[in-house]
Amino acid sequence: MTLEALALAPPTRDAAAPARAILAARLSAGEAAVAHILAAQAGLPGPRSNLFEGTAGTLAAALIVRGSVEDPRLERIVAPGVAWLARQARAAVEFDAITGLAGLGRLLLLARDLGYDRAGPGLEAALRSLSGLLGPGIARPGMAHGLAGPVALLAIALDAGVAVPGQREALQAAAARLAAAARLAAWPAEPRHQWCVGTAGIARAVQLAGNALADPALTRAGTEALSAIAATPPDRWGVRDAMLCCGYAGVLRTALSAGLPALADATAAAIRDTWRPGDASLLYGDAGVALALHDHANPGPVTWPALLLVQ
């Protein structure tokens, strides 16, 4: 299914409405994007809430659309939504990128960049909490539910000039641990190169940390681990399908954000060989695949990859 067909489909209250809004905004179809956001809002509250579905997912999409679309209907959702996200961040106990502090913090940083001052307290709370949490107790290295998500947020925030006491030191220590994991993940007997749990997300977090800390050794470690993926045939990457989570599209969007065209080209070719259309959702469906392929064919600044914490 094409990007246009997904983005310009009639608005519905299903779980894919936020994804369709992001697609429409990517195509500069502002009216369609707002219509999908309104449909998503009408479907709330949903059974879950994270960066890709439910209340937080709808607000995430609204923030991304707000970056390119000015509409009073959208503003009536985003402004109170930012305050809600800040409250969630101050109360959150989970650290991960999908449902916890890393993801909430990234949304609040995006809101701050759009001029929403009410994002500040929640963002600072997330950074303080994560700076105190990044010890050896987080055993999993992956981006979605492991150490790479918090490392990526701390790095992106620091690079944007947002820091709290202890953030730099926590980032330096955690990124060093993650760099070792990235090197191991890049050349295993049974590779796992996905964005969510494998080399792609881990190595990108290390690269982001190196850039933010002006640490060339860390930047090189992340870049080399990512580049090593392209040296292996895609059918040996341990990637199960074309989708963002666990699939080739997640690797593609990571490669684009990391500035690695050889890896991006290899991954885009693998998507074309393996994509079997399914539902229209972002993380597990066609919307994420279509967006990644569209970004590959149409280079330029985009904000939606903030949801993956790859930028």
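Predicted model: local features only at pLDDT ≥ 70, side-chain atom pairs only at ≥ 80, totals over all residues.
Select Ser49 to begin: this residue sits in the loop between H3 and helix H4 (54–66), where helices (H or I, at least four residues) and strands (E, at least two) are DSSP runs numbered from the N terminus. Ser49 is partly exposed, with a relative accessible area of 35%, on a scale where buried means under 20% relative accessible area, exposed means over 50% and partly exposed lies in between (1.4 Å probe, protein chains only). Its contacts, not counting residues up to four places away in sequence, are Gly54, Thr55, Ala56 and Trp84, a contact being heavy atoms within 4.5 Å.

Residues are numbered from 1 along each chain as its sequence is written, and side-chain values use heavy atoms, with hydrogens and water left out.

**The whole chain**

Zoom out and show the chain as a cartoon: its secondary structure comes to 14 helices and zero strands. With 311 residues, a compact globule would have a radius of gyration near 19 Å, and the 18 Å of this chain agrees with that; the radius is taken over C-alpha atoms, and the globule rule is 2.2 Å times the number of residues to the power 0.38. Taken along the principal axes, the C-alpha atoms fill a box of roughly 45 × 45 × 30 Å. Of the contacts with a separation of 6 or more, 64% join residues 24 or more positions apart.

Switch to a surface, and the accessible area comes to about 12,200 Å², of which 55% belongs to carbon and sulfur atoms; such areas come from the Shrake-Rupley method with a 1.4 Å probe, and for residues only the protein chains shown count as cover. Buried residues make up 58% of the 311 residues in the chain.

Leaving out residues up to four places away in sequence, Ala33 touches Ala21, Ala24, Ala25 and Val65. The C-alpha atom of Leu74, 41 residues away along the chain, is separated from that of Ala33 by 9.6 Å.

Next select Ser28, in the loop between helix H2 (17–26) and helix H3 (30–42). Ser28 counts as exposed at 68% relative accessibility, and its phi is positive, about 65°, although it is not a glycine.

**Another positive phi**

For another residue of this kind, go to Ala214, in the loop between helix H10 (199–213) and helix H11 (216–230). Phi of Ala214 is near 55°, a positive value in a residue other than glycine, and Ala214 is exposed, with a relative accessible area of 64%.

Now select Gln194, in the loop between helix H9 (167–186) and H10. Gln194 is buried, with a relative accessible area of 5%, and beyond four places in sequence it touches Thr199, Ala200, Gly201, Gly238, Val239, Cys246, Gly247 and Val251.

Tyr284 belongs to the loop between helix H13 (261–274) and helix H14 (286–297), and, leaving aside neighbours within four places in sequence, is in contact with Met243, Cys245 and Asp279.

Move to helix H12 (residues 248–258) and select Arg253, which is buried, with a relative accessible area of 6%. Neighbours within four places in sequence aside, Arg253 is in contact with Asp295, Val302, Trp304, Pro305, Leu308, Val310 and Gln311.

Finish at the largest nonpolar core, which has 122 residues, and select those with the most contacts inside it: Val151, Trp195, Ile271, Leu282 and Leu307. A nonpolar core is a set of buried Ala, Val, Leu, Ile, Met, Phe, Trp, Tyr and Cys residues joined through side-chain atoms within 4.5 Å. Around Leu307, show Ile22, Leu51, Phe52, Ala60, Ile64, Leu107 and Leu282, which Leu307 touches when residues up to four places away in sequence are not counted.
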